[in-house]
Amino acid sequence: MSLLGRLNLQAIQHGWVIAAGQLTLVGVMLLVLGYLTFTKRWKWLWREWLTTVDPKRIGVMYILFAGLMGLRGLTDAAMMRAQQAVSVGGNHGFLSPDHYQQIFTAHGTIMIFFLAMGLMFGLINLVVPLQIGSRDVAFPFLNATSFWLYAMGGMLLNLSLVIGGFAATGWLAYPPLSELAYSPGVGVDYWIWGLQVAGIGSLLSGINFMVTILRMRAPGMSLMKMPMFCWSVLGSLSLIIFAFPILTATLTMLALDRTLGMHFFTSYYGGNPMMYVNLIWAWGHPEVYILILPAFGVFSEVVATFSRKPLFGYKSMVWAIWGIVLLSFLVWLHHFFTMGAGADVNAFFGIMTMAIAVPTGVKIFNWLFTMYRGRVRFATPMLWFMGFVALFTVGGVAGVIMALPPADFQLHNSLFLVAHFHTMIVGGVVFGYLAGLTYWFPKFTGFKLNERLGRYAFYCWFFGFLLAFVPLYILGLMGATRRLDHYDPSLGWHQLFIVAGIGVAVICAGVGFQVLQLIVSIRQRKQNLDTTGDPWNGRTLEWSTASPPPAYNYAVIPNVENKDAFWAMKKLKTPLPETRYESITMPKNTIMPLVIASFAFALGFGMIWHMYWLSILGLLAIISCIVIRGSADEHEYVLSAAQVRQTEEALKERYV
Amino acid sequence: MSTKTKTVVGVVIAVFILFIAATYLRSANIPVLEPAGPIGQKEKRLIVEAVLLSLVVVIPVYVMLVGFAWRYREGNKKAKYSPELDGSRPLESIWWGVPIILITILAVIAWRSSHELDPFRSLSSTKPPLDIQVVALDWKWLFIYPQQDVASVNYFRMPVDRPINFQITSDAPMNSFWIPQLGGQIYAMSGMATQLHLEATKTGDYLGESANISGEGFADMHFTAAATSQPDFDAWVRGLKKSPNILGQTAYDRLARPGHDNLVAYYASAQAGLFDQIVNKYEAPVYFAPAEAGL
Amino acid sequence: MSRVETARQEAESKTLFGFWVYLMTDSVLFASFFATFAVLRNSTYGGPSGETLFSLPFVLAETLILLTSSFSCGLAILSARQGQKNRVLWLFGLTFLLGLAFLGLELHEFSHLYYEGNGWRRSGFLSAFFSLVGTHGLHITAGLIWMAVMMSKVRSAGLTPFNLKRLTMLSLFWHFLDIIWIFIFTVVYLLGVAS
């Protein structure tokens, strides 16, 4: 076997569409490298970002990386819509079937694992330690490692654009299609190893933040006084802890099938493809709630703040979260009622699925009643909330319909299903995270985002969404299945596909406004400075510290007595405790997380291209890194009381 | 523009869009909502019932969303402001209770309909059922008529008002067999046979397709399900009998090769037990030496 | 106690809690492999089943060795708490050797099966068997590496509070693997031979 495994020059992808993608990828990289060199920022990059263990910075990196991935995923979406708008009858569009299939596989994979999960962990990193009044996460080193594993997984996956090609199997790569017999290339391997590397990062993050929330809350903050965002995240983390190991195991089994010739999911030799479908959804359904719960948490904070009222029905909300967490493990079979498991099984899972609508509905009513007798200010985060309720309710109804097994027989794998889950994931998850980003943006930059451009972006997203997905609901009822690279004109689908294409263009305009918003806001930051640390008249602890907060978050750890801790402090005008600065222990910067993740990248790359020596080297290097890290004792440094005082006084000066 | 003008313009645009949409939908052909058989009919009714029941929750949500947003907007100083209001047991009981009742009703519907419309359940009828065996191939559909001993590819015919017993398998990756206008789908999987029971009550050519991605030619994997009168069906079978093609092992192997030309083909006869052979080929052979296991 | 020490102690208690959470995720991972094994146990594709492949006395020997290693690991932790460095070292040395012996036996079983023509490509059942037992074996290997590192650290730095916490986690890990093995012994071997 050659040293390069199955990698050779032919592996470099061709074709003008791909070439455009490759040029963009390489061009952006060169541009960034050039900019860094030109502005002499390498040292800065190293010191402030590459070696950082500060969750606030890691959060920013998560969001930036997720943003880039989102642009890739959006490009994929636009290409799919463009293809379906033109590829009718004799015209086969500008994408070959295989290429089209790679694109929708990449779209789904990237949007779920790298956009949504990235934004989620970004927000968790930024907000959770601050909200619980903590200086850091439980394991800062592990946190940085999680981020770099996530980023390296994403890069590994995107490398397929340049060499080799991606899976053409749909985003969950059902066997036997994803087995060697039907997908002999490297595409599925890219899918497996990209997700494996990123997925382990997510799992470690889950453990880390679980411990952070349960063990590092400020004194006095009992669980039932915790901000609702933290509760939602805790629910989501519990799901991660129980669901992600299933993903790791399932991906491992598929990889074993493909590299060692095992027979977990093959058609022959006693393999069982149906088992894969069960396993992947035993992870996949909780995954949906992993993503949506933190978005629910964001809305709970946003609605309360902008209605200037406490969240309605706090206890109900907590119960609803745990109801959802529990039920989300009992519904996975609703993704394949059409497999023929029998009426009893189908009915059971259908009923469990509908049951989830109860806690979800309770949450919606509680949010609405938070507005009731409030003083509602329609800043952009609140607009996202309004859009969310409008879309999510419709999507929920579609979900309840499909929870009826016989109705699902007519809607399964049709565009109706596609429209349904996009309503939930765009209307729920994406709107939620965008609301959260706008809401917490001033906390981490020290200035607010431009409101007007934010509103334009929202309206484009909202109406673009309706234009893009209402046609898909109808197309589904017309019998249009998902994943078609072309179709017959006699079916009468063409006009609706064109409307959907226009819708995606409008959404793209919304994203354009968001990019513009970011640029304009940075340029005009002087006009939107947040000098108080509390730009929205907030209710929770994070607004009590400076914007942006110092590395240690709180010079003096706050004492919590109420649910909306900061609101109560403001209202009771609690005199600030006499500031007695103390020394603070902080974790040292380290490059090790990036090094470990890079070796994980090498390991994955070796497995994809059958360069087993590289994988073994990568694995040994990772083990060595862990041993070296575990052997050294001094990972912390102490910030003296005098240094803390100096920092705090500098912050205060800035505010005057 | 004042808020009032904006609202008026918005309403006018919305009405206009709704009008266009309604006109379009009236002329469009929507198979799932225009079923041509009892199964599709019942499945459609189920969808409609679920939507109507959901309205009990959806309408209040929309009314409150718009109503509260309008009434309690920051600028409206006339509205009551209760900055401490943080819950209400009676109110919360309502929105725990009402959805639970609704879901209980839906649960009963789900349980009953899952059994009534179980795809494996044969339909009761005064007429004898027709057996059709379906094989999903890369990327085409093979239909075998064991009673008539004929076979066809990408096109099949059935008499109206007669229950059809489909037995479905795959000799390729997993597919899903779906004729939207007749009723819901079921997966086609290698090494096993799933069942689907449908009936057409109206004559016509219906779109049939695969709803689960199965590789490069997946988009071409559609077929025509033609429902005709019994005499027309008999005539079609007689016509097939005159076809020069016989579906033996060689012909089948050739057919099973991947290809996406989506041609229609007919066979005067099919090898006896072909369907079972296709299902069973994924089982272990009787004698199987370890050496062959690829070690 | 200085503030820095308090902070460190807090950090250590977090680490221990975090390790428990990790063990929980690992149990889910094993549960997935157990579930697939349960599904595939009869998918022998005309090949041999557990009944003809497994030798109970052999597996019983493996089990006893691993149980003994768990016992010596427990004794080692007790000694560590009492600060008896040398005892800790030789007890962990014993645990290490027993673990190594277990791994050797497992590899012997694997190679025996493989060269008899009953490798992981033979059937779904054997794929599931090799993966489940092999995943446990990989964990044992990781545990052995960890043990070796810890022994050298205890030898050089003594039973510092830091080392003591690490040893506690290592022993948790080792007992955890023991419990997993009991399940493997029952589900894979005992039930495999019985059916």
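Guide: Please keep in mind throughout that this is a predicted model, and that side-chain atom pairs count only at pLDDT 80 or more.

Visitor: What makes A:Lys571 and B:Glu84 a salt bridge?

Guide: The rule asks for a side-chain nitrogen of Lys or Arg within 4 Å of a carboxyl oxygen of Asp or Glu. The closest N and O atoms of A:Lys571 and B:Glu84 are 3.3 Å apart, which is within the 4 Å limit, and the pair is therefore called a salt bridge. Between chain B and chain A the count is three salt bridges, and there are also 25 residue pairs in polar contact, both residues being at pLDDT 80 or more.

Visitor: Which elements supply the side of chain B that touches chain A, and how many residues of chain B take part?

Guide: The elements of chain B that give two or more residues to that side are α1 (3-27), α2 (38-71), α3 (89-116), β7 (183-188) and β9 (204-210). By class, the side of chain B that touches chain A has 55 nonpolar, 19 polar and 16 charged residues. The contact takes 90 residues from chain B and 91 residues from chain A, and the area buried between these chains is about 7900 Å², of which carbon and sulfur atoms give 69%.

Visitor: How many salt bridges does the rule find across the interface of chain A and chain C?

Guide: Across the interface of chain A and chain C the rule finds zero salt bridges, while seven residue pairs, both at pLDDT 80 or more, are in polar contact between these chains. Five elements of chain A, namely α6 (187-215), α7 (228-260), α8 (273-307), α18 (612-631) and β2 (636-639), each supply at least two residues of the side that touches chain C. The largest share of that side, ten residues, comes from α7(A), and by class the side has 25 nonpolar, ten polar and six charged residues. In total, 41 residues of chain A are in contact with 35 residues of chain C, and the two chains bury about 3200 Å² between them, 71% of it on carbon and sulfur atoms.

Visitor: Why are the buried residues of α2(A) said to lie on the same side of the helix?

Guide: The buried residues of helix α2 (residues 42-50) of chain A are A:Leu45, A:Trp49 and A:Leu50. They cover an arc of only 70° around the axis, which puts them on the same side of α2(A). What covers these buried residues includes α1 (16-38), α3 (55-86), α5 (140-159) and α17 (592-608) of chain A.

Visitor: Why is A:Tyr269 called buried?

Guide: The label needs under 20% relative accessible area, and A:Tyr269 has 19% relative accessibility, so A:Tyr269 counts as buried. A:Tyr269 lies in the loop between α7 and α8 of chain A, and has a positive phi of about 60° although it is not a glycine. Most residues other than glycine have a negative phi. A:His610, found in the loop between α17 and α18 of chain A, likewise has a positive phi of about 60° without being a glycine.

Visitor: How do you know that A:Gly170 is buried?

Guide: A:Gly170 has 0% relative accessibility and therefore counts as buried, the limit being under 20%. The place of A:Gly170 is in the loop between α5 and α6 of chain A, and, leaving aside neighbours within four places in sequence, A:Gly170 is in contact with A:Phe104, A:Thr105 and A:Arg483.

Visitor: Which residues does the cis peptide bond in chain A join?

Guide: That cis bond joins A:Ser547 and A:Pro548, with omega about -15°, and A:Pro548 lies in the loop between α15 (494-523) and α16 (565-571) of chain A. In chain B, the peptide bond from B:Asp138 to B:Trp139 is cis, with omega near -10°, and B:Trp139 lies in the loop between β1 (130-137) and β2 (140-145).

How values were computed
Residues numbered from 1 in each chain as written. Chains lettered and ligands numbered in written order. Heavy atoms only, no water. Contact = heavy atoms within 4.5 Å. Buried area = accessible area lost by both parts, 1.4 Å probe. Polar contact = N/O pair within 3.5 Å; in protein donor to acceptor, adjacent residues only side chain to side chain. Helix = DSSP H or I, 4+ residues; strand = E, 2+ residues; numbered from the N terminus. Nonpolar A, V, L, I, M, F, W, Y, C, P; charged D, E, K, R; others polar. Buried < 20%, exposed > 50% of the residue type's maximum accessible area, 1.4 Å probe, protein only. Arc of directions from axis to C-beta.
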